[in-house]
Amino acid sequence: MGRPDPEEGHLPAPVKPPDGGWGWIVLLGCFVITGFSYAFPKAVSVYFKELMKDFHVGYSDTAWISSIMLAMLYGTGPVCSIMVNQFGCRPVMLIGGLLASAGMILASFTTNIIELYLTAGVLTGLGMALNFQPSLIMLGTYFDKRRPLANGLAAAGSPVFLSSLSPLGQVLLEKFGWRGGFLIMGGLLLNCCTCGAVMRPLDMGMKRKMGKAQDKYEAKEMLPIGGKSEEGISTSDGTKKGKKAKKKPKKGKKLLDFSIFSNRGFIIYTISKFILVLGLFVPPILLVNYAKDTGVPDTEAAFLLSIIGFIDIFARPACGMVAGLKWVRPHVAYLFSFSMLFNGLTDICSARASNYTGLVIFCVFFGISYGMVGALQFEVLMAIVGSQKFSSAIGLVLLIEAFAVLIGPPSAGRLVDALKNYEVIFYLAGSEVVLSALFLGVASYCCLNRGKKEPPPENNPSAGGGSDTEEAESDVQETEEHSSNNHQPAHSTDNAMVAANEEPNHVAEEQSGEGGGCPAGDGEVLARDGCNADQMVERDSF
């Protein structure tokens, strides 16, 4: 008897993702955060010419601002994971929004390029990193069955914000100068704090619901229910105290879980992602200059990036919807491999494009494949490691990707300066992407499929993407069954206890006649009356 105590394990440990409700607000916040994180470093390039004039530096010097932002976004992944595991997502995002805004506001008062590196580069980049990673973790917490669609919609924030922040930056530059533009952009980044404020922990909502249910149950218990029932309640309370005394101390949560490296799927994903990043960002970076060298006017060359962004906006949600289909989701890793193969072959086939029409066709197919990659990259990682270890996994993956970001595009730029030939660069970038696709597909088929034939070890995360829901549903079902047994009406409990006191011999005969099995009834009361716990577990599982 008595109300369910969370400390006794009556409440489900993993909370079932609602796949909706407040999760849509969380998705909107993740959409905004993703847009700022990926688009802001590129949108800042609008101010580079004015910075070159004021500080008397070259283009490569100002380009380091965007590079430092991206390096902070990727390289501080483990730091973000540690902070999230220690303090939670919402406080980290609030601090990140303040840092990102403060960095741009302070940058508007700088007097040299080094101060810009420290403010707009390091401080703003760190702030966006502290927002980006926790937002993805919260998205995986609120969505499971609809998670592929949610990831696709959130990833669409990148092209949407890129197509809006760049024109906005140009308008601010013309009206207020680069200092006024930085100041206003810093104010816009305060919206990250708003997005962080809506990232309500999922267990908090569950605690409120359970609290209301417990209050209603307490009101029922306060009704007069007879002496024998009160004795049963006091006996239950005494048993509760004994259980609390025997309860083991909780283990501290790991700040950074390195046990994910024992997961073969995570190792395969990390290696393929490193190879992918080496060539994925090279074509869009060199596309405008490549078009200009082939004789395309400047305005038409710049419009090519707009084509990629426009296609990307629709490709990401569409790919998320496809990945969420029942017959596709168990094989989402292979869909991700196909998207990378599609992207790499697009680079290779367009290497010899010599006119504007060929470049437009390349941009259409590149936008589709690039959107597919962007929509699936984090969905595949969530499916491999599960939501419980995702905070550590994404931090380590982003750190490894940071090295690839610092190697790939700069190396491609040096090859262009040395060879004066863009065709070789497109072949090289496409080959790297194709290699990553083949490695992911072949390694997943050979290693993971063979591992499924063997008996899986305990707590082995599934690559199918549905294990979190099944575990949560089973826990919730067990809890509801246990709670329904404990929450019988007072008068029926009173009658049952009276009958038990009047006919003890009859109950004993039934137990002996059934071979010592437990009679149907309240599991907790039967356990106190001498029923073996193993027999209870066996009966429940049966």
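Helix H8 (residues 157-188) has a kink of about 120°, centred on Phe176, where the bend at a residue is the angle between axes fitted to the seven residues ending there and the seven starting there. Its 32 residues would reach 46 Å as a straight helix at 1.5 Å a residue, yet the end C-alpha atoms of H8 are only 15 Å apart; the expected span is 1.5 Å times one less than the number of residues. Helices here are DSSP runs (H or I, at least four residues) and strands are E runs of at least two, numbered from the N terminus.

This is a predicted model, with local features needing pLDDT of at least 70 and side-chain atom pairs counted only at pLDDT 80 or more, while totals for chains, interfaces and linings use all residues. Residues are numbered from 1 along each chain as its sequence is written, and side-chain values use heavy atoms, with hydrogens and water left out.

On the whole-chain level, there are 23 helices and zero strands. Of the 542 residues, 45% are buried, buried being under 20% relative accessible area, exposed over 50% and partly exposed in between (1.4 Å probe, protein chains only). Of the contacts (heavy atoms within 4.5 Å) with a separation of 6 or more, 86% join residues 24 or more positions apart.

The contact brings Val282, Ile285 and Leu286 of H13 against Gly408, Pro409, Ala412 and Val416 of H17. By class, that makes six nonpolar, one polar and no charged residues, with Ala, Val, Leu, Ile, Met, Phe, Trp, Tyr, Cys and Pro taken as nonpolar, Asp, Glu, Lys and Arg as charged, and the others, Gly among them, as polar.

Asn151, in helix H7 (residues 147-155), is buried at a relative accessible area of 5%. Beyond its neighbours within four places in sequence, Asn151 touches Leu139, Ala375, Glu379 and Met382.
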